[in-house]
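Try each task yourself before you read its solution.

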Amino acid sequence: PEGIEIEGDVDPSVPESFDFRETWPECTGEVRNQAKCGSCWAFSGAVALQQRFCIASKGEVQVVLSPQDSVSCDKSNLGCSGGYLPRTWSYYKSSGLVTESCFPYSSQQGKVEACITECKSGEEWKKYKVSSYSSFKGVAAIKKEIMTYGPVQTGFTVYEDFMGYKSGIYVHTTGGVLGGHAGIRIGW
């Protein structure tokens with residue numbers, strides 16, 4: 001329920017509210033559309049990773065990373081049929097992602113393009129990798145992570161009433177389960 005912390009999960013160093021866009025406005029990027037491809041796992045991971053590179057570099061690394069790289073090349077996930085968030089980050093560690101200009105998103109209609117090894121734009125082939133990644137347990141740990149290093153990728157269950165969501169904090173009230181979805185947590 002809103003406003004309730006898990007017992008033992010309160011940290012006095014965590015503020016009442018936080019929005020990463022206020023702390024790191026140069027690292028926000030734009031909202032993108034996965035269209036008819038079940039690639040939320042690839043989009044949310046790519047956006048969280050590019051925001052974290054920007055934050056870690058104090059705004060020096062300003063890249064838009066390619067979700068198509070994951071959709072087409074991460075064989076541990078299911079392309080436009082979905083993906084598993086831990087496997088996504090394992091791919092970022094072992095392979096990394098190229099930029100959007102190198103491998104532009106092409107799966108809008110739900111078709112998965114073959115993996116490539118040369119940039120379509122002619123630019124230098126460069127992969128952006130993570131050295132490590134973690135899962136976080138508990139509200140306080142997630143909040144500290146976001147405050148310190150930036151947005152985190154998250155998954156959630158989608159219910160029928162989510163289709164009418166417009167803004168603010170979504171709270172499930174009616175309807176059955178439609179499936180899963182992934183996004184990023186940017187604050188509280």
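**Exercise 1: A loop residue**

Ala35 sits in the loop between α1 (20–23) and α2 (40–56). Keep in mind that you're looking at a predicted model.

Task: Work out whether Ala35 counts as buried, partly exposed or exposed.

Solution: Start with the cut-offs: buried means under 20% relative accessible area, exposed means over 50%, and partly exposed is in between. Next, take the value for Ala35, a relative accessibility of 35%. Ala35 therefore counts as partly exposed. While you're there, check the backbone: Ala35 has a positive phi of about 60°, although it is not a glycine.

**Exercise 2: Another loop**

Task: Find the loop that holds Lys58, then decide if Lys58 is buried or exposed.

Solution: First, the place: Lys58 is in the loop between α2 and α3 (67–73). Then the surface: its relative accessible area is 72%, so Lys58 is exposed. Last, the backbone: phi of Lys58 is positive too, near 55°, and this residue is not a glycine.

**Exercise 3: The whole chain**

Task: List the elements of the protein chain in order and check its radius of gyration against the value for a compact globule.

Solution: Count first: the protein chain has five helices and two strands. From the N terminus, they run α-α-α-α-α-β-β. Now the radius: for 188 residues, a compact globule would have a radius of gyration near 16 Å. The protein chain has 17 Å, which agrees.

Key
Residues numbered from 1 in each chain as written. Predicted model: local features only at pLDDT ≥ 70, side-chain atom pairs only at ≥ 80, totals over all residues. Heavy atoms only, no water. Helix = DSSP H or I, 4+ residues; strand = E, 2+ residues; numbered from the N terminus. Rg over C-alpha atoms; globule rule 2.2 N^0.38 Å. Buried < 20%, exposed > 50% of the residue type's maximum accessible area, 1.4 Å probe, protein only.
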